[in-house]
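The following exercises are to be worked through with the sequence and the model at hand. Each task is followed by a stepwise solution.

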There are 2 protein chains.
Amino acid sequence: MGISERKERERQEMINLILDEAMKLFIEEGYENVTMRKIADRIEYSPTTIYLYFKDKTEIFSELLNIAFDKFYEAQMSVQYIEDAKEKLLAHGIAYVKFAVSNPNYYDLMFIMKDPTANMKCPDDWKTSTRTYDLLKKNIQECIENGYLEEVDIEVAAFTMWSHVHGIASIMIKRGFMIPEAFREYLIYNSIQYGFKGLFIK
Amino acid sequence: MGISERKERERQEMINLILDEAMKLFIEEGYENVTMRKIADRIEYSPTTIYLYFKDKTEIFSELLNIAFDKFYEAQMSVQYIEDAKEKLLAHGIAYVKFAVSNPNYYDLMFIMKDPTANMKCPDDWKTSTRTYDLLKKNIQECIENGYLEEVDIEVAAFTMWSHVHGIASIMIKRGFMIPEAFREYLIYNSIQYGFKGLFIK
DNA sequence: TGACAAACTTAACGATGTTAAGTATATTTG
DNA sequence: CAAATATACTTAACATCGTTAAGTTTGTCA
């Protein structure tokens, strides 16, 4: 009997409908503009219907978070084809910041916002997030092997590069107005260049 | 007649009382736990009384922001006595992050939170914030003069160091749970060391 | 002492997330 | 095929939030 399959399918469609509209609201207007009632308006159901598919608002955002991390990972992967380890590492950093500034709400959700995942058991749920960090470490390792970087604690090196690009990203997203618009791109590019290059020995 | 003076004094005391309690609530429990009603409870007045002294909630936070920037500036100044320009620059960076992690709510307010100053006219009100950035640039200038740094666009150098320490600070504050507790201090110190040192030529 | 202004409170509005109780629809069972 | 039941959804309500309007108390000055 395909009847329970159909029901499961319909349920999944409803879940996706909710997530899609929540995501649109979120991307367009940011976290504080995603309200249960606004989502309900968009999907043309009553607000309480949402609670039949999600425990609460944070569960919706946990799902959006996973989607965001996937896109984030893809953005980083788009640069992994580069042969030269040094060039790749630089491109990696630039891709990181580029993703952040062109998807500010995703980035906010992933790394800045009061963690909507406070209720999540970390080890499993953050798998998608460590994936990109592992990629960075791999690239650093490659640089060491090719003599571009001296042999250092790879954790320190990775954290240093991460904190640098994260710093750029979050300044641009949260306090970008402090920097003249025309100056921002220049600053992003040259800062990554300047900061990373200092670490290279060749 | 000292009567209007007394009234003005009493008014100022009320303003300070409100700010003090708001600040305590804010430091202890963060932004979202500061509500007009909770402040009212603490000062033992009705919620609406607060509106006789502050236009709205954001005006209270604008005041807290100024106080925070002052403390921040002081924290940076506490390291300016150091003679050697290179040592001073490193200490500056460490002092920055130290302030941030030991005053996470201040730091959040200053550089991370959805700007509570959106209604403020930037040029004047951000004076207190550019003050510390000018200090950083001065220290960098000194390093150049002493041959510690090559002659670079000072704006790029300052932004690079800022984004690095800001990155460290905001990771620790917002996603510190991703890093083992025992590892954090090590990472902070060594990352600043590693990142900054790379920029020096001597 | 009475007029008036300042300080403060009570009550309410519209928004939020969320829950409890009720209704309509679809499926299963006799 | 009709009655029983489970599923999907809605209405109404609660407590909380920032904020406003209207009313009350208090203190100052003529």
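**Exercise 1: A serine and its surroundings**

Beyond its neighbours within four places in sequence, A:S191 is in contact (heavy atoms within 4.5 Å) with A:H164, A:I168, B:V156, B:F159, B:T160 and B:S163. The model is a predicted one, in which local features need pLDDT of at least 70, side-chain atom pairs count only at pLDDT 80 or more, and totals for chains, interfaces and linings use all residues. Residues are numbered from 1 along each chain as its sequence is written, chains are lettered from A and ligands numbered from 1 in the order in which they are written, and side-chain values use heavy atoms, with hydrogens and water left out.

Task: State in which helix A:S191 is found, and whether A:S191 counts as buried or exposed.

Solution. 
1. The residue A:S191 belongs to helix α9 of chain A, residues 181-197; helices are DSSP runs (H or I, at least four residues), numbered from the N terminus.
2. A:S191 counts as buried because its relative accessibility is 0%; buried means under 20% relative accessible area, with a 1.4 Å probe and protein chains only.
3. From C-alpha to C-alpha, A:S191 lies 16 Å from A:P180, which is eleven residues away in sequence.

**Exercise 2: The interface of the two chains**

Task: Determine how much area chain B and chain A bury between them, and which residues of chain B lose the most.

Solution. 
1. In this pairing, 44 residues of chain B are in contact with 44 residues of chain A.
2. The two chains bury about 3600 Å² between them, 70% of it on carbon and sulfur atoms; buried area is the accessible area (1.4 Å probe) lost when two parts are put together, summed over both.
3. On the side of chain B, the greatest losses to chain A fall on B:F159, B:R175 and B:Y194, which together account for 22% of what that side buries.

**Exercise 3: The surface near DNA strand D**

Solution. 
1. A phosphate oxygen of DNA strand D lies 2.5 Å from a side-chain N or O atom of A:T49, and one lies 3.0 Å from a polar backbone atom of B:K57.

Notes: Helix = DSSP H or I, 4+ residues; strand = E, 2+ residues; numbered from the N terminus. Buried < 20%, exposed > 50% of the residue type's maximum accessible area, 1.4 Å probe, protein only. Polar contact = N/O pair within 3.5 Å; in protein donor to acceptor, adjacent residues only side chain to side chain.
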